[in-house]
Amino acid sequence: MESLKDPDVLSLDPETPFWERVYMVSPLVVVGTRNEDGETYNLAPKHMAAPMGWADYFGFVCTPRHKTYRNAVRTGVYTVSYPKPSQVVLASLAASPRTGPPEGPRRKPTLDSLPMLEAKEVDGVFLEDAYLFLECELERRVDDLGENSLLIGRVQAVHVHKDAVRVSEKEDEAVIRDAPLLAYLPPDRYATIDETNAFPFPAGFEK
Ligand SMILES: Cc1cc2nc3c(=O)[nH]c(=O)nc-3n(C[C@H](O)[C@H](O)[C@H](O)COP(=O)(O)O)c2cc1C
């Protein structure tokens with residue numbers, strides 16, 4: 001086997017922010033947590049987020065500097081909303097800067113204009129009109145991944161908009177065409193996915 005020496009393939013320094021030099025496909029979710037006042041809620045977009053296995057675990061990467069991390073660790077719960085492509089601006093607004101005195105309380109005023117829905121099983125809120133909603137109980141966390149941490153929760157409840165559910169009477173391709181998906185292409189682009197193809201699994205494939 002030849003070694004990787006194609007002059008068209010560049011080796012980047014892993015000590016530099018190399019993820020910013022190349023695009024890839026990520027999800028974009030909005031994580032909801034309850035603030036320490038016990039009354040208000042925080043929403044923040046996260047793209048380093050995924051199911052942790054085939055069963056009921058969901059994790060996301062977050063820096064402990066963010067309120068999302070502190071709220072989730074303190075309350076032990078968080079929610080996850082998967083926005084539709086039409087909600088990309090709302091998801092982005094959830095990352096607006098905080099205002100207020102450095103000694104606190106510092107607020108994200110844009111959250112006041114984001115429509116929210118109450119969760120059912122855990123103390124939390126969702127971004128209204130998203131298409132997939134998870135209610136999670138924090139199960140464990142992995143700290144010190146550089147400046148970040150991985151928070152893993154167990155999914156206690158899951159809700160899906162009926163237009164996004166796979167049903168036997170409708171082709172999967174049509175489900176996605178009628179309820180397109182939002183992809184985030186870090187560091188600075190997004191895409192609407194409405195055209196898809198069946199994956200070419202190898203014969204005899206089992207997961
Ligand atoms: C498109 C987008 C994706 C983001 N993804 C992540 C992420 O995966 N992990 C993270 O820690 N922060 C991520 N952020 C940043 C925070 O979610 C954001 O700065 C947020 O306001 C932090 O606020 P908080 O203090 O309310 O938690 C992302 C921001 C944007 C705009």
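A residue is taken to be near a molecule or strand if its C-beta atom, placed from the backbone, lies within 6 Å of it. On that basis, 16 residues surround the ligand, the closest being A44, M48, H66, K67 and T68. The model is a predicted one, in which local features need pLDDT of at least 70 and side-chain atom pairs count only at pLDDT 80 or more, while totals for chains, interfaces and linings use all residues. Residue numbers start from 1 along each chain as its sequence is written.

Secondary structure follows DSSP: helices are H or I runs of at least four residues, strands are E runs of at least two, and both are numbered from the N terminus. The protein has three helices and eleven strands, and along the sequence these follow the pattern β-β-β-β-α-β-α-β-β-β-β-α-β-β. Taken along the principal axes, the box filled by the C-alpha atoms is roughly 60 × 50 × 30 Å.

By class, the shell holds eight nonpolar, six polar and two charged residues. Here Ala, Val, Leu, Ile, Met, Phe, Trp, Tyr, Cys and Pro count as nonpolar, Asp, Glu, Lys and Arg as charged, and the others, Gly among them, as polar.

The sheet comes next. Two strands are said to pair if DSSP finds at least two bridges between them. An open sheet of seven strands has the order β2-β1-β5-β8-β9-β4-β3, with antiparallel pairing. Its edge strands are β2 and β3 (49-51), each of which pairs on one side only. From one strand to the next, the twist averages 30°, where axes are lines fitted to C-alpha atoms, for helices over the stretch in contact, and angles run from 0 to 180 degrees between N-to-C directions. α1 packs on this sheet, touching β1, β2, β4, β5, β8 and β9, and its direction makes about 55° with that of β1. Contact means that the C-beta atoms of two residues, placed from the backbone, lie within 7 Å.

The individual pairings can be followed across the sheet. β5 (77-82) and β8 run antiparallel and are joined by six bridges, with T79 standing opposite E135 in β8. Strand β8 (residues 132-145) pairs in turn with β9 in the antiparallel sense over eleven bridges. Within that pairing, E137 has R154 in β9 as its bridge partner, and L145 is partnered by N148 in β9. β8 and β9 form a hairpin with two residues between them, and G146 in the turn has a positive phi of about 65°. Strand β9 (residues 148-160) is also joined to β4, by six bridges in an antiparallel arrangement, with F58 opposite G153 in β9. Three bridges join β3 to β4, again antiparallel, and the bridge partner of P51 in β4 is F58.

Burial is considered next. A residue is buried if 20 or more other C-beta atoms lie within 10 Å of its own, exposed if 12 or fewer, and partly exposed in between, with C-beta atoms placed from the backbone. Buried residues make up 25% of the 207 residues in the protein. In α1, the buried residues are T68, Y69, N71 and A72, and their cover includes β1 (29-34), β2, β4, β5, β8 and β9. G76, with a positive phi near 80°, follows α1.

A nonpolar core is a set of buried Ala, Val, Leu, Ile, Met, Phe, Trp, Tyr and Cys residues joined through C-beta atoms within 7 Å. The largest one has 34 residues, of which V29, V30, V31, V80 and A130 touch the most other members. Neighbours within four places in sequence aside, A130 is in contact with S81, Y82, P83, K84 and Q87. Among contacts in the protein between residues at least 6 apart in sequence, 56% join residues at least 24 apart.

Finally, R98 lies in the loop between α2 (88-93) and β6 (116-118). R98 counts as partly exposed because it has 14 C-beta neighbours inside 10 Å. Apart from neighbours within four places in sequence, R98 is in contact with R106, R107 and K108. R98 and K108 are ten residues apart in sequence, and their C-alpha atoms are 4.3 Å apart in space.
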